[in-house]
Structures are given as structure tokens and as C-alpha cells.
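Reader: Hello! I am new to this structure, and I would like to walk through it with you.

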Amino acid sequence: MRTFISALCLMAVWIPFNKAAPFPAEVKRCHTGDTACIVRTSNELLKTYARKGLPAAFFPVIEPFHLKRVELSDGRSGSLALKLSLRDVDVTGLSAVKFDRAVGFSPDPATSKFELYGDLNKMSIHSKYTADGRILILPIQGDGDADIGFEKIKFSVKFKPSIHPKDGKTYLAVDKLKVLLEPQRMTMKLTNLFNGDQALGAHMNQFLNENWSDVWLELQPAVQDTISSIIRNILDTMFKEFAYQDFLEF
């Protein structure tokens, strides 16, 4: 999911690792507004550095992408109220993401849009989990291994910065950020449901997969909020140190 983390992570790629270091020669710098260049460079970075990272450009290893913990709960109390807590999370498949469109990245960040769009054929999440809640009239409870798969995902990431002039340059901070994920299919397999009851566990897994779209609608806000928070932290850390003029050519 964090795929979708990678989308804005790539914006940090155009920022030098520190003020004293030159911009890494491995990365092609794009001119402001050259969205075709931004798309090409993003795809090349993923293809080349997803599995090994590029520290000089502050681009992390994203294949696999590891998270210590993810809480998937929005607190709603509808007919489907599934709450999942994931730990020791590995996300695989992000190296295959393909960007197809970028919008904005203009010379004036105060008026520019900052948007990235792309798709991903498959993404998988492997983790330990705890589950508590209910689906329709059925309770769900478990503590075991989780395998969650997504197929044919469309996504977009958009953010609006606040502007902070300093020393003749323009520094940014994330004001608003929105992530949208749209998979065409989601699969789930949870082990050790209902204290290891094989029959109840098999029935629940079958129900989750047959009704995946309802399950996704319940989890979607929390998944997108999780990704948004991670991306915001990455960008704000970078924007505190580097000006807008540092990562794009004017």
C-alpha cells in the first residue's frame, strides 16, 4: 500500500541529501513545469533504485518496504466494522509502479499544483496481525499471519504547500495532502482466526474475499490516511532543510 507512499517519496528524490553535497549525478534534474521529464525520471528511479535505494538522493529502498506497525481502523460502527492492526509489515511490488502523469511543479509553488498519477499491477502486504470487530452479524477475532493482495491499482497523490521565504529562497511545508487508491481487486488471507477454529476461519476468509469491495470501502480511509501521514513526514523533513529552488531547475 505504501505504494502509494512511493509516489510522493519520489518528490524527495529531487532534493539533495544535504546542503553541502552536490545534486547526485545519477538523477536527472527536471525543469519546473516539465511534467514529462518528471514522469520519465520517476519511472527510471524506481526501475534502477527500488531494491537498493539511492542515499545521495534520499531515495529509500522500497522493495520490499518495511513498516513496524499499521493501524487499519477508522472507528466507524456500520454493518461492516473490521479493525486490523498490522505489525512487522512488508510491502512488495512497489518496484513495478508506473507513473503516467504529473501535474504542476511550476516555477511558483504558491500557485502550482503538485500531483502524481500512476498504476501498479500487483502489490502484496505480508505481516502479523490482530483483528477485532464484526462483519454484518459475524464477530471477527484473530491473531496470526496476514496476506493482503491488491491488483490493478490506480492511484493519485496531491499536496498543497505553505510558503516560507528564507535567505532569498522559497521553502515549503506540506499544508494539505491527499492520497487516493483504487484497486480493481483485493484478496485477504488471515490465519489463526477464532482461536484456530479451521471451519470458522475458512468461512471468514471466504466471506472477506467474496465481499472484498465492502471490506475495502471500510478500510480505505484508514489506509489512505496512513500513507498520507508517512508521505507528509518525509516531505516536511526535506522541506525544512532544502528550498524549492534546490530540487528543480529554473
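This is a predicted model: local features need pLDDT of at least 70, side-chain atom pairs count only at pLDDT 80 or more; totals for chains, interfaces and linings use all residues.

Reader: Thanks! Which residue forms a salt bridge with Lys 128?

Author: A salt bridge here is a side-chain nitrogen of Lys or Arg within 4 Å of a carboxyl oxygen of Asp or Glu. The closest N and O atoms of the pair are 2.7 Å apart. The two residues lie in strands β4 and β5, 17 residues apart (helices, H or I of at least four residues, and strands, E of at least two, are DSSP runs numbered from the N terminus). The partner of Lys 128 is Asp 145.

Reader: How many bridges join β4 to strand β5?

Author: Two strands pair if DSSP finds at least two bridges between them. Strand β5 covers residues 138-166 and runs antiparallel to β4. One of the bridge pairs is Lys 128 with Asp 145. The number of bridges joining β4 to β5 is 20.

Reader: What does the salt bridge of Lys 154 with Asp 119 tie together?

Author: In this pair the closest N and O atoms are 3.6 Å apart. Lys 154 lies in strand β5 and Asp 119 in strand β4, so the pair ties together parts that are 35 residues apart in sequence. Lys 154 is partly exposed at 42% relative accessible area, and Asp 119 is partly exposed at 25%. The parts tied together are thus strands β5 and β4.

Reader: Which strand pairs with β3?

Author: Strand β3 covers residues 98-104, and its pairing is antiparallel, over 6 bridges. Within it, Ala 102 stands opposite Leu 116. The partner strand, residues 114-135, is β4.

Reader: Which residues have the most contacts inside the largest nonpolar core?

Author: A nonpolar core is a set of buried Ala, Val, Leu, Ile, Met, Phe, Trp, Tyr and Cys residues joined through side-chain atoms within 4.5 Å. The largest one has 68 residues, and helix α4 (residues 212-241) gives the largest share, 10 residues. Leaving aside neighbours within four places in sequence, Leu 190 is in contact (heavy atoms within 4.5 Å) with residues including Tyr 129, Ile 140 and Leu 208. Those with the most contacts inside the core are Leu 84, Leu 86 and Leu 190.

Reader: How far does helix α3 reach from its first C-alpha to its last?

Author: Helix α3 runs over residues 198-210 and has 13 residues. The expected span is 1.5 Å times one less than the number of residues, and α3 is close to its expected value. Its buried residues include Met 204, Phe 207 and Leu 208. The reach of α3 is 18 Å.

Reader: Is Leu 200 in that helix buried or partly exposed?

Author: Leu 200 lies in helix α3. From Ile 140, Leu 200 is 60 residues away in sequence and 9.6 Å away in space, C-alpha to C-alpha. With a relative accessible area of 43%, Leu 200 is partly exposed.

Terms used
Residues are numbered from 1 along each chain as its sequence is written. Side-chain values use heavy atoms; hydrogens and water are left out. Buried means under 20% relative accessible area, exposed over 50%, partly exposed in between (1.4 Å probe, protein chains only).
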